Amino acid sequence: MIAIYTDEEVSLIRASARLVAKTLDFLEPHILPGVSTLFLDKLAEEFIRSNQAIPAFLGYGGPRNPYPATLCVSVNDEVVHGIPGGRYLRDGDIVGIDCGTILDGFYGDHAKTYLVGHCDDKAKKLVEVTQKSLEIGISKAIEGNRVNDIGSSVQSYIESFGYSVVRDLVGHGVGKKLHEDPPVPNYGKAGTGAVLKAGMVLAIEPMINEGTWRVKVQRDGWTIVTADKKLSAHFEHTVLVGKEKPEILSQT
Ligand code: MF3
Ligand code: CO
């Protein structure tokens, strides 16, 4: 079942998602060559807690292999769910930073891919096109459209550059929980899937690979990497479906 949130609930989701956007803005000046991914994680956790919120990813997934950090920090061929640690960012890396918060019981979820120092044109292009594909997907989040109108528009844009769309991971509804119905693939056939209604809240999150769409899970059980070790980029917004236009909730 896909939740339709009331205006009051949407206000709470907006506040949480806005805090995630503020957290990424706070981190941005620290995303530099020589900085460890764990340092970024600690900065984010402190910022979120000082704003009366809780990191949403910390402990996610249950007792067997709980996600151990506030951020997912995914470098170069890491697609998503990279675990912060002793890795130091290097000049020319691209780094996806994904963050979620729980504020007053409601979730926000938002990610961006950043250029570290001086990146080559190949990396810059992938990041730019992935960001644009998210904007295109978001533009379909309007009442009366179907859920796969989003992924179809992302996929056709991405494939026109020769890039590929990750299949194994998808976006999702978000609000009272981090992952709610419906799944929101970044690929598919326009005109199919659930009908969108105003008040639905979707985390739209294209994961785009330079080469093959195939991915593997690393031995930590979390980190997703490209099968061919080529680059991957990820952008995500928490988006309110509207009657006439979508509203990006994860912005300041
Ligand atoms: N934005 C990601 C997602 O929706 C982040 C989840 S990390 C996890 O899946 F640890 F919480 F799984
Ligand atoms: Co998400």
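This is a predicted model: local features need pLDDT of at least 70, side-chain atom pairs count only at pLDDT 80 or more; totals for chains, interfaces and linings use all residues.
**View 1. Protein donors of the cobalt ion (ligand 2).** Asp109 (OD), His172 (NE2), Glu205 (OE) and Glu236 (OE) lie 2.1 to 2.3 Å from the cobalt ion (ligand 2). Around this ion, the six donor atoms subtend angles of 68 to 170°, so the arrangement is irregular. The spacing of the donor residues in sequence is D-x62-H-x32-E-x30-E. Aspartate 109, in strand 5 (residues 106-115), and glutamate 236, in the loop between strand 13 (232-234) and strand 14 (237-240), are 127 residues apart and link distant parts of the chain. Aspartate 109 is buried at a relative accessible area of 3%, and glutamate 236 is buried at 0% relative accessibility.

**View 2. Helix 1 (residues 7-27) and what covers its buried residues.** Helix 1 has 21 residues and spans 30 Å from its first C-alpha to its last, close to the 30 Å expected at 1.5 Å a residue. Among its buried residues are Val10, Ile13, Ala17, Val20 and Leu24. An α-helix has 3.6 residues a turn, so residues three or four places apart point the same way. The cover over the buried residues of helix 1 includes helix 2 (37-49), strand 2 (71-75), strand 4 (94-103), strand 5, strand 9 (201-204) and strand 14.

**View 3. Surroundings of serine 250.** Serine 250 is in the segment after strand 15 (247-248) and is buried, with 1% relative accessibility. Its side chain makes a polar contact with the side chain of histidine 237 at 2.6 Å. The side chain of serine 250 also reaches the backbone nitrogen of threonine 238 at 3.0 Å. Beyond its neighbours within four places in sequence, serine 250 has contacts that include Ala17, Arg18 and Ala21, as well as Asp109 and His110.

Key: Residues are numbered from 1 along each chain as its sequence is written. Chains are lettered from A and ligands numbered from 1 in the order in which they are written. Side-chain values use heavy atoms; hydrogens and water are left out. Donors are N, O and S atoms within 2.8 Å of the metal (3.2 Å for Na, K and Ca); water is not among the atoms, so sites may look incomplete. Four donors count as tetrahedral if all angles lie between 85 and 135 degrees; four count as square planar and six as octahedral if opposite donors are over 155 degrees apart and all others between 65 and 115; anything else is irregular. Helices (H or I, at least four residues) and strands (E, at least two) are DSSP runs, numbered from the N terminus. Buried means under 20% relative accessible area, exposed over 50%, partly exposed in between (1.4 Å probe, protein chains only). The expected span of a helix is 1.5 Å times one less than its number of residues. Contact means heavy atoms within 4.5 Å. A polar contact is a pair of N or O atoms within 3.5 Å; within protein, one must be able to donate a hydrogen and the other to accept it, and residues adjacent in sequence count only if both atoms are side-chain atoms.
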